Amino acid sequence: MSRIKRKSISLRQKMIMSFCIPTVLLFLVNMMLYLGTAQMLNSLDVIYASNNTLNNLSESLDRLQNATAGYLNTKTSDALEQYYIYEEEYSDLVDDLDDNKDDNENRVLERNIKNMSENYLELTNQAVESKRGGNVEKYKSIYEEAARTYGYIDTSITNLNNQQFINNSKSYGAMMTALQTLEELNILTLVIIGIANLFFVVLIASTIADPLIKLAATANSVSQGDFNVELLPVKSNDEVGVVTKAFNKMVVSIKNYIEKLRESMEVERRLKENELIMENHIKDAELRYLQSQINPHFLFNTLNAGAQLAMMEGADRTSNYIQRVADFFRYNIKKNKDVVSLREEIELVDIYIYIINVRFAGEIQFTKEIDESLLGVKIPSMILQPIVENSINYGLRNIDWTKKIKLSVYELGDYICVSIKDNGIGMTQEKIEQVLDGTYKSNPAKSTSNGVGLNNCIERLNIFYESEDVLDIISEGEKMGTETILYLPKKDYEKE
Amino acid sequence: MKIFGGKRRLKSNSALAIAAGCAVAFMFIATVISIGIYQQRMDEAKELLVEAEYEQYDSYVIMISSNDSSDFWQDVYKSAKEYGSEQGVYVDMLSTSIDKSYSKAEYMEMAIESNCDAIFLEGDDSPETAEMVAKAKHADIPVFTLESDIDMANRVSYIGANSYTIASLYGESLIENLAKQKKVMVLAGNTVNPTEASAFVNNMQSALDGRELPNGNLDFEVRTVESKDAFANEEYIQNLFKENDLAPVVICLDQESTESFYQAMIDYNKVGQIMLLGSNVSPTILTGIKQGVILSTVYVDAQSIGVSAAEAYIEYRDAGYVSDYISVDANVIDATNIDEAMEEVENE
């Protein structure tokens, strides 16, 4: 039996084996006993065959003697017929005896019986013939001699029979001993097989029950939520082995499934959270915006009427100015447009700077250094304008040198950088960190912003790009100006 | 399988296969051994049944005596059988293989009916024996007489001691120990016929003739036991003692009478009063001599008779004739040679 074959003993085969092997063994042992007994019984016939022969001879002799006496008594033809029948019968039996010359007491006795029997047959024949011939004297004397010979033969047969019975009994005894030995060996074999069998059944039961018990225990642990159970070793390829394997697979796949589920829930949760924050900020921006507007439609209409009036009066610059102010506010109330292109954002900045320069008599020098191919990138709306507004409000407002703002768009590695650099009062490093952390609180009373603060911009950028490092503020110190840089990931953007 | 510890756990299938293999192997071996042992025993038993390859004999001779079971006739039979078997002659004593007790004449008839080749017969003068001897002669079966003779006409040869020699040995033994005794009782048991007893007395008288006896010629009285019934000899002797019908010198002519008389002398406190001379040798008789109860015994060497008888038959069978008288020596055991005799018996 190869190892592989052994491994693949199925439960059914085991059970069949545990039933069949003992059955076959018991069958064999019993067959042995049966065959032994059968052989013994057959041998018994052989053992006592010589006694049977002698008994037959003795009975036949008796019948012949009685028949002879019967005929001599009655002289009837029936009796004569009987005589001839028995005479022939006895003669046949005597012929079967061996006329030997063996140097052995029993063989000599057999020889004597044969010779005496032949003489006896001759004597009875003579007696019968004499009787038929009416020779009274002769038949009487011959009959007496025959009767004596009958006695001798009878005695000899009895003695030979006894002697052979003794010899045969020795054989019988030996055979009985043999049978007894066989019996003892068989009983011993049965006892040992019984013990082996018990051992065998216990073994089989264990190989079936042990893995099941372990399987049940592990299943209980799993049902109580412990998915970190040790996987059960598969020792056999039987049905229990198959169930164990399936169970292991199930435990592993449940574990994996739960892990995946947990991860996807985490992602979803984060997404939802971001969405909520974003929504919150937009709402907040809108709210602030709305608070700053009395009625935008009214404002647009008013501004448009002002622009038309200025045009009719030939004040083209005024008309242009009012038109730009209207554009600025229109941009701000595109409520549903959360994501816009960088181009639109820069356009808004242009408008804003134009308005501011009109307000402050063109005191801000606004320069742009832009890689036009990068302007298609999408960014959250209302980002650049608040930054520029911040620069003007906090950086440039109270300085006595020429106010400059430079807007640059360029590529830097994997990022598209949008830089807004002023030459204002600059920021301390501490303040920069506070602004970036969102912990800086400006004085609301002092604020002149149109409502959307830098803090709001930073958070929206972080949420939009799922990164903390989208916006950076660089300032080399007091009066050294401030540069605000947006690092927009380039990964989703294809150049125009 | 906790009982086997951890290692076994790992290979429960292997253990199962090994257990199954072991069980089957054990069964196979046990079966083979059982069948082997059983067959061997059965063969041994059957061997007992198988007829051995016996030596083959050429001639079948039946020996018939008056008392087959006596030591003397057993010795004769054994020596004749032993010698005969070397020469292809099977000597048989019918009484050894037949339990029923038959008379000498009946054994003779059985021997004749069995178509034997010869008969060794202890002779006697009974008419039945004579009749059977005649019948044997008629059936061309030669009869050899041993120890006691019959009518010379019907037997081929007689093997035995010379009766005169025997009588002389008794005479010598008697003369040496005779004081004033005059009466001598010659006791012949029922196996000795009266004629023989008378012939013995005659021979004694002849042997003592001319010898000087202290009290003149001896008076011989022959007592024979005629009854052939069982224990007839013993009862006869008991009667002699009871009636004090005794003589100072008693000569017993057979072994049985000697032993009975010896025991009766002790029982009836007659030791020293009666001088007993016995016949044949037996442990009892030798003890009697050793004790001084029996003066001496005369015996014919049974082995010589047996061997001589077998030799005589072989000679007759091969040559067609044999001497009609073959002499066998007779010997005396008395106080002088009792130790040697006892030693010999012990050695046997």
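Strand β3 (residues 118–121) of chain B runs parallel to β4(B), and three bridges join the two. Helices (H or I, at least four residues) and strands (E, at least two) are DSSP runs, numbered from the N terminus, and strands count as paired once DSSP finds at least two bridges between them. This is a predicted model, where local features need pLDDT of at least 70 and side-chain atom pairs count only at pLDDT 80 or more, while totals for chains, interfaces and linings use all residues. Residues are numbered from 1 along each chain as its sequence is written, and chains are lettered from A and ligands numbered from 1 in the order in which they are written.

- β5(B) then pairs in parallel with strand β11 (residues 325–327) of chain B through three bridges, where B:Ile159 stands opposite B:Ile326.

**Helix α8 of chain B**

- α8 (residues 194–208) of chain B has 15 residues and reaches 21 Å from first C-alpha to last, close to the 21 Å expected at 1.5 Å a residue; the expected span is 1.5 Å times one less than the number of residues.
- Its buried residues are B:Glu196, B:Ala197, B:Phe200, B:Met204, B:Ala207 and B:Leu208.
- They lie on the same side of α8(B) because they cover an arc of only 100° around the axis, taken from the directions from the helix axis to the C-beta atoms.
- The cover over these buried residues includes α7 (163–177), β6 (183–188) and β7 (219–224) of chain B.
- After α8(B) comes B:Gly210, with a positive phi near 85°.

- Chain A has 13 helices and seven strands, and 29% of its 496 residues count as buried.
- UniProt, in an unreviewed entry, lists residues 185–205 of chain A as "transmembrane region"; positions use the numbering here, feature names are shortened, and annotations may be inferred rather than shown by experiment.
- That span is 100% helix and 0% strand, with its end C-alpha atoms 29 Å apart.
- The contact between the chains takes 56 residues from chain A and 42 from chain B, contact being C-beta atoms, placed from the backbone, within 7 Å.
- On the chain A side, α6(A) gives the most, with 27 residues.

**Positive phi without glycine**

- Most residues other than glycine have a negative phi.
- A:Met382 has a positive phi of about 60°, in the loop between β3 (378–380) and α11 (384–396) of chain A, and is buried with 24 other C-beta atoms within 10 Å.
- A:Glu466 has a positive phi of about 50°, in the loop between α13 (454–465) and β6 (471–475) of chain A, and is exposed with 11 other C-beta atoms within 10 Å.

Conventions
Buried ≥ 20, exposed ≤ 12 C-beta atoms within 10 Å, placed from the backbone. Contact = placed C-beta atoms within 7 Å.
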